[in-house]
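Work through the exercises below with the model open. Try each task before reading its solution.

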Amino acid sequence: MVRVRGDASSPSCLPRSSPLSPPSSQQQQQQQQQQQQQQHHQSLESLSSSEASAARGKLQLVLLDLGLAEALTPPVRAVFISLLNAIAAGDGRAGARLMLRMSGGQRCEHPQAFERDMVLLFEEFADVRAEGGIDLDAVLKGALRAARNHEVSIDSSYAALVVGVCVIVGFARALDPNTNLMDAATPSLLAYNLTGRALGRLYS
């Protein structure tokens, strides 16, 4: 017979359990970080798609890259500025004569027909008295179409200038539909007519 000393109520007979140790400061920081992350994710998920798009659209960065550059020699500069002056004056005949000078090996066989088309073009789009003023983009694009129809030769330097001006006009209208570059260029064109010199740091 085996005798068990002590009764069931004795502390020595109860099962031993290890007390829970308090969490360390590092564990507390990790728990706080996890809670903050969970709250952040919940706040993002609570935003609707429209609210999220509005939040993202508060700040926009717009880069404008024209991608066109051309070195202007004095003869090219003089002819092109004279063409702008002809457009400002609504003189289609002068504009046609200037475009016929845009190539050393001109191949146009019917310059008179080209001149007639340029006169009609200027009467429609180069009227300074029109409500919207001179439509520089329409004039230049129409001049290029007329040059193609009449096989007028144009050197690449002049073609790049015409395309570059059309691109700038398009950007200006996109930013402000009421912008008219011919109105803005009037002081410089007037100074060129009076002094024969183009103003601006690009031409120093």
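**Exercise 1. The second largest pocket**

Find the volume of the second largest pocket, the residues nearest its centre, and the elements that line it.

Solution. Step 1: the volume is about 150 Å³. A pocket is an open set of points on a 1 Å grid over the protein atoms alone, with protein on both sides within 12 Å along at least five of seven lines. Grid points are joined across faces, edges and corners, and a volume is the space filled by probe spheres set on the points.

Step 1: the lining has 13 residues, and A89, G90, D91, F122 and A126 lie nearest the centre. Lining residues have an atom within 4 Å of a point. Helix 3 (74-89), helix 4 (92-99) and helix 5 (111-125) each give two or more residues to this lining. Helices are DSSP runs of H or I with at least four residues, and strands are E runs of at least two, numbered from the N terminus. Helix 5 gives the largest share, three residues.

Step 2: sort the lining by class. Six residues are nonpolar, two polar and five charged. Ala, Val, Leu, Ile, Met, Phe, Trp, Tyr, Cys and Pro count as nonpolar; Asp, Glu, Lys and Arg count as charged; the others, Gly among them, count as polar.

The model is predicted: local features need pLDDT of at least 70, side-chain atom pairs count only at pLDDT 80 or more, and totals for chains, interfaces and linings use all residues. Residues are numbered from 1 along each chain as its sequence is written, and side-chain values use heavy atoms, with hydrogens and water left out.

**Exercise 2. Helix 4**

Why is helix 4 described as largely enclosed by the rest of the structure?

Solution. Step 1: count buried residues. Six of the eight residues of helix 4 are buried, so this helix is largely enclosed by the rest of the structure. Buried means under 20% relative accessible area, exposed over 50%, and partly exposed in between (1.4 Å probe, protein chains only).

Step 1: name them. They are G92, A94, G95, A96, L98 and M99.

Step 2: look for the cover. It includes helix 3, helix 5 and helix 6.

Step 3: check the N-terminal end. D91 caps helix 4 there, with a side-chain oxygen 3.3 Å from the backbone nitrogen of R93. D91 is also one of the residues nearest the centre of the second largest pocket.

**Exercise 3. L136 and the largest cavity**

Which residues does L136 touch, and which residues line the largest cavity?

Solution. Step 1: L136 is in helix 6 and is buried, at 6% relative accessibility.

Step 1: not counting residues up to four places away in sequence, L136 touches L84, I87, V165, V169 and M182. L136 and L84 are 52 residues apart in sequence, yet 9.0 Å apart in space, C-alpha to C-alpha.

Step 2: the largest cavity has a volume of about 80 Å³. A cavity is a set of grid points where a 1.4 Å probe fits but cannot get out. I134, D135, L136, V169, A172, R173, T179, N180, L181 and M182 line the largest cavity. Helix 7 gives the largest share of this lining, three residues.

Note on methods:
Contact means heavy atoms within 4.5 Å. A polar contact is a pair of N or O atoms within 3.5 Å; within protein, one must be able to donate a hydrogen and the other to accept it, and residues adjacent in sequence count only if both atoms are side-chain atoms.
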